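Take a look at it, and then let's go through some of its parts together.

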Number of protein chains: 2
Amino acid sequence: MRLVIIGGSDAGISAGLRARQVNPALETVLLLADAFPNYSICGLPFYISGETPDWRQLAHRGREELEAAGLELLLEHEARSIDLQAKTVRAYQTDGQPVELSYDCLVIATGAEPIRPPIAGLELEGVHLLHTVEDSIAVRERVVERSSSRALVVGGGYIGLEMADALVHRRLKVTLVEQAETVMPTVDPSLGRLIGQELRRHGVDVMNEMAIHALEATSDGIRALGSQALPQSFDLVLVVVGVRPSSRLAQEAGLSTGVREAIRVNRRMETGHEGVYAAGDCVETWHRLLERSVYLPLGTTAHKQGRVAGENAAGGCREFAGSLGTQVVKVFDLAVARTGLGDMEAAEAGFDPLTVECQAWDHKVYYPGAHRLTLRVTGDRRTGRLLGAQIVGHHQAQVAKRIDIFANALYEGLTVDAVNDLDLSYTPPLGAPWDPVQVAAQEWLLRA
Amino acid sequence: MRLVIIGGSDAGISAGLRARQVNPALETVLLLADAFPNYSICGLPFYISGETPDWRQLAHRGREELEAAGLELLLEHEARSIDLQAKTVRAYQTDGQPVELSYDCLVIATGAEPIRPPIAGLELEGVHLLHTVEDSIAVRERVVERSSSRALVVGGGYIGLEMADALVHRRLKVTLVEQAETVMPTVDPSLGRLIGQELRRHGVDVMNEMAIHALEATSDGIRALGSQALPQSFDLVLVVVGVRPSSRLAQEAGLSTGVREAIRVNRRMETGHEGVYAAGDCVETWHRLLERSVYLPLGTTAHKQGRVAGENAAGGCREFAGSLGTQVVKVFDLAVARTGLGDMEAAEAGFDPLTVECQAWDHKVYYPGAHRLTLRVTGDRRTGRLLGAQIVGHHQAQVAKRIDIFANALYEGLTVDAVNDLDLSYTPPLGAPWDPVQVAAQEWLLRA
């Protein structure tokens, strides 16, 4: 029995490792387009900032560890076609040499690629759509060796924010533009404004409600033309406006796609073609709260889906429990986290949402170093059910694991009121007898 | 309608505030034996250490705030008897003046008092059983003004550990003795040993498996006689070997008591006598996992039980969801947390427990400042159900809110395996794609 996995990032590696746990006799071959198995794409901003000095550190696991776990790695083998009838994958090595591999089971984990927005000049030198390890090495080189000093970040989503942070760390003068009224449009505007303040506090020039139409090379560097005037020129432009599924290989093989052309899968990560699974940023993701498929590419989800695909490919029977879109990002001194649905998303999904915002200290204020958190809780007026939560606060104020308390409550379908019943830990230096998440839940109840 | 509440600490105040939320017309009178309403007992170690300069900062809420919420506070009114038939409480002011109050509903929240162990010499000057704000003021005075330099802490539970930390902060030479083989016997010995190492690293002389029989005054200070030789003398001795319920008032009124003489209550916090509720450290606590009453005094539980009692006293209908014994303590640079059952407790309760220990980084190690966590997960071999968890790690490594992820999984009765399905947040500076709690769950599954 041979399992072939296309892709060596989060989903592919998780699938391979899990398959070998479930069936240690399974021959498991991974095809990787590049030479970097199991790299943490999420770590690239910190390599660019210099906080992670060497890109080799970004591997979740080294090649030896993966091979010791029984994975056969074919690096620099780009899969170009799948024959579902013959059960073969055709790949090409960097020198053009073709390789044909037959499989009994297949996991497609081809990931995502950056969206190329309709901006003229994306091909100019100094303009980067960040995605691969090579991209990041190129950007870092540009920052360090050619001493770029003026950077433009196009896109205020979480990668844009991390990149702005990284470039300020490198002492560049950074301008960040975002089409929406606030940065990080995945959280509500009141929290987006707090993040905007944090960016400005660290010298970032933030421009909201602005679209870039074109980039032009001038003698002084790159100029950006957009819906607002942007007189200065830049040495470096990062265009990070989101990603889309790398699903062409699957589509060309005849597999179905759905939301945003992501590969269609059921909760067992089956594509509908026997023995063929798909997982990670290239597939549709089951949303646990919406009870339908969405496109929601996240590293955590890719790991979970990969594990499910690998388990099932090895003969197991497991369902993906679904995503809640839980995420956190560190932006300078702040952590920003969300889970579940925001007010607008909840309304669109047919709920009767109420969102309440409040502030609470992360720990008893009489113990030094307390930080104020801003929390937003969304619940359904009709049923009292918790629908989502958002938190902004100091990155050392346990924001990330506090959003997880809400995420777990959502996972179980708890009411907002039941959050008050959770037996959470407390000591004055690290919390409060009613944790901030419970203070927020109580505030919601008073207003509901 | 008048609600009388005996006790102005966590449970009593929570009851009063909640009762007034539910029924703003309810006359709500609180009797306090001392002059310190709503003080955070858990904060006393930090007042002694000096990290909290003024004891007045320890109030969760000021008197004005409580009165603005509609609570009538009778300070320095010690309740000495309850007449359940006549529905009256008799209290005495500090000058001996009696006061009789009639009630329609009563909440008894008399808290706990330190256990006085069978050690001769507890009455000596310089020996303190910490409990009240006054005790702590006396200890702090002794430390600061009489410049004590040698301290003995009897008891290695969480208060003993916090006190050792506080006194080292004051530059005292501290000896800590504990009867069990490791400190903090509420976590498993392997973790207790990590805490012992942390104490020693900060200069605390830790003596395990040692009982103290007597304390004696000598010209050089206080000497301690015990099962091992303790040649040095001390200027200050803190005896902190646990607490017991202050239930005498309730007992003398004719109310039933149960486990360790705590006041017997049902999950509505009813004592069995109509209109009479009890909550907090003076009552039995419903354990959600054991499905029986235990004595488990914690500030978080007192707040929750008080809230339930207040809601029901005001005409509501709410049940206490139960405790899991979730707790965390900061000891120097470490946080130590637990929830649910340890291996031995689980076996005693009739489960077939397996406990697995592992280590994991709190965040991706390529981002600076990662800390190694030690996690223990206990699950039931027969059903796969999660039974408990313990974590030790740096206090800035989100240990407190990570134990809460396990606490929530316990609350819902999840299996260990289901912990892997939880959609937890991730960014490299604050976590990992599989959070350490999931790494531990996977380790358990591999060994189960």
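In strand S14 of chain A, Arg223(A) is the bridge partner of Glu216(A). Helices (H or I, at least four residues) and strands (E, at least two) are DSSP runs, numbered from the N terminus, and two strands pair if DSSP finds at least two bridges between them. S14(A) covers residues 221-226, and its antiparallel pairing with S13(A) runs over 6 bridges.

These strands belong to an open sheet of 3 strands in the order S13-S14-S15 (chain A), with antiparallel pairing. Strand S13 (212-218) and strand S15 (233-234) of chain A are at the edges with a single partner strand each, so one side of each has no neighbour in the sheet. As background, strands of a sheet pair through backbone hydrogen bonds, either parallel or antiparallel.

## About the model

This is a predicted model, in which local features need pLDDT of at least 70 and side-chain atom pairs count only at pLDDT 80 or more, while totals for chains, interfaces and linings use all residues. Residues are numbered from 1 along each chain as its sequence is written, chains are lettered from A and ligands numbered from 1 in the order in which they are written, and side-chain values use heavy atoms, with hydrogens and water left out.

## A buried strand in chain B

Now turn to strand S16 (residues 236-239) of chain B. Leu236(B) and Leu238(B) point one way from S16(B), Val237(B) and Val239(B) point the other way, and all are buried. Buried means under 20% relative accessible area, exposed over 50%, and partly exposed in between (1.4 Å probe, protein chains only).

Which strands pair with S16(B) in the parallel sense? One is strand S9 (residues 127-128) of chain B, joined to S16(B) by 2 bridges; here His128(B) stands opposite Leu238(B). Another is strand S10 (residues 150-154) of chain B, which runs parallel to S16(B) over 4 bridges, with Val154(B) opposite Val239(B).

## Where the chains meet

The size of an interface is often given as the accessible area lost when the parts come together. Chain A and chain B bury about 6,100 Å² between them, and 56% of it is on carbon and sulfur atoms. On the chain A side, Tyr366(A), Lys401(A) and Asp423(A) lose the most area to chain B, together 14% of what that side buries. Buried area here is the accessible area (1.4 Å probe) that two parts lose on being put together, summed over both. Each chain brings 65 residues to the contact, where contact means heavy atoms within 4.5 Å.

The rule finds 6 salt bridges across this interface, a salt bridge being a side-chain nitrogen of Lys or Arg within 4 Å of a carboxyl oxygen of Asp or Glu. The side chains of Asp435(A) and Lys401(B) form a salt bridge at 2.7 Å, N to O. Among the elements of chain A that each supply at least two residues to the side touching chain B are helix H1 (10-22), helix H8 (299-313) and helix H10 (399-411). H10(A) gives the most, with 10 residues.

Asn408(A) is found in helix H10 of chain A and is buried, with a relative accessible area of 5%. Which residues does Asn408(A) contact, leaving aside its neighbours within four places in sequence? They are Ile405(B), Asn408(B), Leu422(B) and Leu424(B).

Thr300(B) is found in helix H8 (residues 299-313) of chain B and counts as buried at 4% relative accessibility. Not counting residues up to four places away in sequence, Thr300(B) touches Asp423(A), Leu424(A), Tyr426(A) and Pro433(A).

## Two loop residues with positive phi

Met269(A) is in the loop between helix H7 (248-253) and strand S18 (276-278) of chain A. Its phi is near 70 degrees, a positive value in a residue other than glycine. Is Met269(A) buried or exposed? Met269(A) is buried, with a relative accessible area of 1%.

In chain B, Arg260(B) lies in the loop between helix H7 (248-253) and strand S18 (276-278). Phi of Arg260(B) is near 50 degrees, also a positive value in a residue other than glycine. Arg260(B) is partly exposed, with a relative accessible area of 49%.
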